[in-house]
Amino acid sequence: MKSASLERSRTMSKVLTYAALILGTVIMIFPFVWMILTSLKSVPESMKIPPTIFPAELIVSNFSDAVASLPFGHLYLNTALMVFFRVVCAIAFSSMAGYAFAKLQFRGKGLLFGIVLVQMSLPSQIFIIPQYQMVAKMGMANTVFALVFPGIVSAFGVFFLRQTYLGIPTEIGEAAYLDGCNQWQTFYKVMFPLTGTSVAALTIFTAVFAYGDLMWPLVVNSDLQMMTLSSGLATLRGQFSTNFPVLMAGSLLAMLPMVILYLIFQRQFIEGIASTGGK
Amino acid sequence: MASITFKHVEKTYPGNVTVVPDLNLEIKDKEFVILVGPSGCGKSTTLRMIAGLEDITSGELYIGDRVVNDVAPKDRNIAMVFQNYALYPHMTVYKNIAFGLMQAKVPKDEIDRRVHEAAKALDLEHLLNRKPKALSGGQRQRVALGRAMVRNPAVFLLDEPLSNLDAKLRTAMRAEISRLHKRLQTTFVYVTHDQTEAMTMGDRIVVMKNGIIQQNDTPQTLYDRPCNLFVAGFIGSPQMNFMDAVIAKKGDAYTAQVCGNTIPLAPSMDKKALAAYVGKTVVLGIRPEDVEAVGSGERHDLEAKIEIAELMGAEINLHLDCQGNKLVVRAPSTYAGREGDVGALRLKTEKIHLFDKETEVAIAH
Ligand SMILES: Nc1ncnc2c1ncn2[C@@H]1O[C@H](COP(=O)(O)OP(=O)(O)O)[C@@H](O)[C@H]1O
Ligand SMILES: [Mg+2]
């Protein structure tokens with residue numbers, strides 16, 4: 001008797017859980033599905049009110065139009081280079097700085113780390129103008145370097161890896177020192193290899209952020225050949241009218257590499273996002 | 001030649017925390033010396049100064065006849081075993097043991113030979129390809145010893161190496177480390193807060209408190225002739241019993257008045273030292289094993305109420321109260337007295353220790 005009612009309430013709570021999850025999934029996935037559907041509509045149909053759900057006629061030429069209107073080869077390459085160098089820089093500099101903050105004693109450490117924390121807590125938008133001025137003064141606008149520039153050092157990365165290094169027992173570093181390592185060898189032979197999980201997480205976090213970064217590439221590289229996927233696509237939005245089906249087709253093409261990477265590294269992706277607390 | 005000498009060594013941490021004020025200590029070549037004392041008394045700091053992990057604020061530290069204050073750890077010919085082992089988690093056991101030699105650019109086949117030799121001595125050969133995570137506590141401990149061994153150091157430094165092990169394993173590793181010392185014939189400096197480890201392993205024990213050496217002697221002397229109340233209470237388990245006593249002189253013999261009873265003091269005690277204390281209150285110390293619980297009809301020195309009787313198997317630990325003085329006595333398990341009874345106690349008077357109540361320094365043994 002009692003166990004039957006217990007069983008029923010368990011089933012009930014399971015049903016509710018699944019219902020909530022399914023609802024959530026639908027809400028999350030709807031824009032993506034809408035994007036695919038729009039990319040196959042004609043321009044008039046895409047703007048019809050009330051909207052249609054399925055395209056009356058499949059306009060596949062939207063994709064070729066998108067490819068024709070943007071230098072996709074350059075955009076892919078610029079994006080890839082930007083993501084790659086931002087990831088490499090974030091790992092290299094955040095690891096070194098994080099290690100120093102966690103394990104070394106030096107004058108002004110507290111103050112410097114305070115500055116890192118302040119930078120981390122401010123919105124990145126407020127740095128865009130000074131950063132642009134720096135790049136422009138260097139005469140480096142419209143280059144891959146310009147795209148990478150704000151990602152060379154990541155305050156978040158420094159903070160995140162400092163936490164990781166704090167978690168490694170000091171004695172391991174001391175053992176390395178006794179084993180004859182100097183400070184640098186202790187770092188790269190013993191300490192850095194122990195941060196694999198965090199480095200993987202930071203890689204994914206940085207890559208996802210860099211890939212989605214729109215504002216900075218748009219500001220710093222005005223030359224279409226030097227744009228990234230995100231900023232390139234943004235140029236498809238006209239001042240007065242926008243060809244939404246072509247924009248959506250282009251966006252789908254831009255998403256392709258990320259989707260493929262995601263499918264390959266699904267598990268690491270999820271763990272990485274979860275452990276950085278991003279999203 | 002790897003003796004270690006501290007000459008007026010001071011260690012002050014940033015923030016003006018003086019942990020070791022003025023250390024003078026000589027450790028002979030091939031000696032097994034234990035630094036023992038309560039937590040926070042500066043044992044690790046002292047050991048880490050030998051290792052070169054802590055700067056020396058002032059004074060001189062010699063290894064052999066070389067001043068090593070400014071010598072890098074790797075050039076001091078020492079090896080250290082940490083409490084938490086500090087193995088490199090991403091390296092195999094082999095690489096953990098070999099790492100120091102690789103850093104020193106020792107030829108590969110020589111490294112291989114030494115690693116296998118150490119692994120064999122420590123029964124690690126079947127584990128060489130494992131990572132530390134896949135080892136038990138005892139195995140990790142042995143890897144840490146192996147890592148120290150392969151470098152053929154002149155000095156082994158061990159900082160509470162057994163305190164992360166369970167009681168049974170600790171006993172086994174104690175013997176293993178002692179054997180290792182005999183085999184390697186090098187200087188061992190071993191830090192512990194556990195007096196049992198100190199008593200069983202060391203050639204010599206240095207008892208520390210607040211960064212100051214209290215007594216530095218063989219285990220036997222420390223046990224038989226503790227130089228002050230602190231050492232007397234720290235060495236030995238269960239702890240030595242302490243009671244207030246008044247010294248009296250009767251003819252040529254001295255006595256101690258302890259809670260209403262007169263206890264004769266052994267004639268072997270230093271008479272000159274005692275003379276100064278006649279009529280004064282001192283602290284009388286006697287170890288639990290030097291007090292006999294006897295039948296009430298037999299000759300005895302004290303009577304005390306039994307508060308708790310702990311049966312240990314072959315023995316009973318009696319916790320007694322003698323007019324406010326708490327005592328612990330070991331009695332054979334055949335002893336008839338039970339909780340609530342009054343027990344009769346006979347002291348082995350030649351094992352009595354007397355301490356000055358103010359300075360806590362030993363008066364006579
Ligand atoms: N880096 C440090 N800075 C300041 N004080 C320290 C530092 N390391 C240890 N101490 C202090 O020095 C004292 C002795 O420490 P330690 O040598 O580790 O004691 P033990 O090993 O005998 O337990 C402790 O009171 C501890 O708080
Ligand atoms: Mg310690």
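This is a predicted model: local features need pLDDT of at least 70, side-chain atom pairs count only at pLDDT 80 or more; totals for chains, interfaces and linings use all residues.
I will start with chain A as a whole. Its secondary structure comes to 15 helices and zero strands. The chain has 279 residues, and 39% of them count as buried. The radius of gyration is 24 Å, whereas a compact globule of 279 residues would be near 19 Å. If you draw a box around the C-alpha atoms along the principal axes, the box is roughly 80 × 75 × 30 Å. On contacts, take the pairs in chain A that are at least 6 apart in sequence: 71% of those contacts join residues at least 24 apart. The accessible surface of the chain is about 16100 Å², and carbon and sulfur atoms make up 72% of that.

Next, one part of that surface. A nonpolar patch is formed by M28(A), I29(A), F32(A), V33(A) and I36(A), and together they have about 450 Å² of accessible area. F32(A) sits in helix α1 of chain A, which covers residues 2–39. Is F32(A) buried, or is it partly exposed? Its relative accessible area is 33%, so it is partly exposed.

Which residues does T206(A) contact, leaving aside neighbours within four places in sequence? They are R86(A), V87(A) and A90(A).

The largest nonpolar core has 86 residues, and the ones with the most contacts inside it are F6(B), V155(B), L157(B) and V189(B). Helix α4 of chain A, residues 72–103, gives the most to this core, namely nine residues. Another core lies apart from it, with 45 residues, including A119(B), A144(B), I205(B) and I235(B). To go back to V189(B), and not counting residues up to four places away in sequence, it touches I4(B), I27(B), V33(B), L35(B), L47(B), I50(B), V155(B), F156(B), L157(B) and L158(B).

On to charges. Side chains of opposite charge can pair when their charged atoms come close. How many salt bridges does a search of the whole structure find? Over all chains, the search finds 18.

E174(A) lies in helix α9 of chain A, residues 170–178, and R48(B) lies in helix α1 of chain B, residues 43–51, so the pair joins two chains. Both residues are buried. They also belong to a network of salt bridges that links E174(A), K11(B), R48(B) and E54(B).

The next pair is E110(B) and R114(B), with a salt bridge at 3.0 Å, N to O. Both lie in helix α3 of chain B, four residues apart, which is about one turn of the helix. E110(B) has a relative accessible area of 25% and is partly exposed. R114(B) has 17% relative accessibility; the cut-off for buried is under 20%, so R114(B) counts as buried.

The last pair is K30(B) with D29(B), where the closest N and O atoms of the salt bridge are 3.4 Å apart. K30(B), at 40% relative accessibility, counts as partly exposed. D29(B), at 30%, also counts as partly exposed.

E117(B) lies in helix α3, residues 108–121. With a relative accessible area of 49%, E117(B) is partly exposed. How far apart are E117(B) and K249(B) in space? From C-alpha to C-alpha the distance is 65 Å, and the two are 132 residues apart in sequence.

G42(B) is in the loop between β3, residues 32–36, and α1 of chain B. At 7% relative accessibility, this glycine counts as buried. Not counting residues up to four places away in sequence, G42(B) touches V19(B), V20(B) and M208(B). F99(B) is 57 residues from G42(B) along the chain, and their C-alpha atoms are separated by 30 Å.

How values were computed
Residues are numbered from 1 along each chain as its sequence is written. Chains are lettered from A and ligands numbered from 1 in the order in which they are written. Side-chain values use heavy atoms; hydrogens and water are left out. Patches are made of residues with over 30% relative accessible area and no salt bridge: like charges are joined within 9 Å, nonpolar side chains (Val, Leu, Ile, Met, Phe, Trp, Tyr) within 5 Å. Accessible areas come from the Shrake-Rupley method with a 1.4 Å probe; for residues, only the protein chains shown count as cover. A salt bridge is a side-chain nitrogen of Lys or Arg within 4 Å of a carboxyl oxygen of Asp or Glu. Buried means under 20% relative accessible area, exposed over 50%, partly exposed in between (1.4 Å probe, protein chains only). The radius of gyration is taken over C-alpha atoms; the globule rule is 2.2 Å times the number of residues to the power 0.38. Contact means heavy atoms within 4.5 Å. A nonpolar core is a set of buried Ala, Val, Leu, Ile, Met, Phe, Trp, Tyr and Cys residues joined through side-chain atoms within 4.5 Å.
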